[in-house]
Amino acid sequence: MVDHITPHKGDPELFWDKKNWQPLCETCHNIKTVTEDGGSTPEISYNKEGQKVVKYRSQGYNITATVLNKPSEEAIKAANKVYNELFYKFNPKDLV
């Protein structure tokens, strides 16, 4: 997922600023977002298989997420290609 390093909070300039973007997996993106929006600080540990386990509290719920694997370089490249092909069709600043 594309994450905004500095939360844009509706500011279109900050939203479209590519220098403010970073790639994050969905789990990490959700944890970062909920923490920024007032959730608890995530507690990170690892299970016996070496997978990252993240526990945090959001909107009254205790949430546990396990990051099952790390995507391969090929998967990251393929996802970026698809994202770029779709994203730039809808980004008005890049349609010049």
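## Ground rules

Two strands count as paired if DSSP finds at least two bridges between them. Helices (H or I, at least four residues) and strands (E, at least two) are DSSP runs, numbered from the N terminus.

This is a predicted model, so local features need pLDDT of at least 70 and side-chain atom pairs count only at pLDDT 80 or more, while totals for chains, interfaces and linings use all residues. Residues are numbered from 1 along each chain as its sequence is written, and side-chain values use heavy atoms, with hydrogens and water left out.

## How confident is the model?

pLDDT is the predictor's confidence in each residue, from 0 to 100. Here the chain averages 77, and 79% of the residues score at least 70.

Now for the strands. β3, β4 and β5 line up in that order as an open, antiparallel sheet. β3 (43–46) and β5 (61–67) sit at the edges, each pairing on one side only. On average, neighbouring strands are turned by 20 degrees against each other, direction ignored; axes are lines fitted to C-alpha atoms, for helices over the stretch in contact, and angles run from 0 to 180 degrees between N-to-C directions.

Start with β3 and β4, which pair over four bridges. S45 stands opposite V53, and Y46 has K52 as its bridge partner. The two strands form a hairpin with five residues between them, and G50 in the turn has a positive phi of about 85 degrees.

## A helix across the strands

Helix α2 (residues 26–36) lies across β4 and β5, running at about 30 degrees to β4. Contact means heavy atoms within 4.5 Å.

## The second largest pocket

α2 turns up again here: with four residues, α2 gives the most to the lining of the second largest pocket. β1 (2–4) is the other element that gives two or more. The lining residues are D3, H4, P7, H8, K9, H29, K32, T33, E36 and D37.

A pocket is an open set of points on a 1 Å grid over the protein atoms alone, where a 1.4 Å probe fits, with protein on both sides within 12 Å along at least five of seven lines; lining residues have an atom within 4 Å of a point. The space in this one is about 150 Å³, a volume being the space filled by probe spheres set on the points, which are joined across faces, edges and corners.
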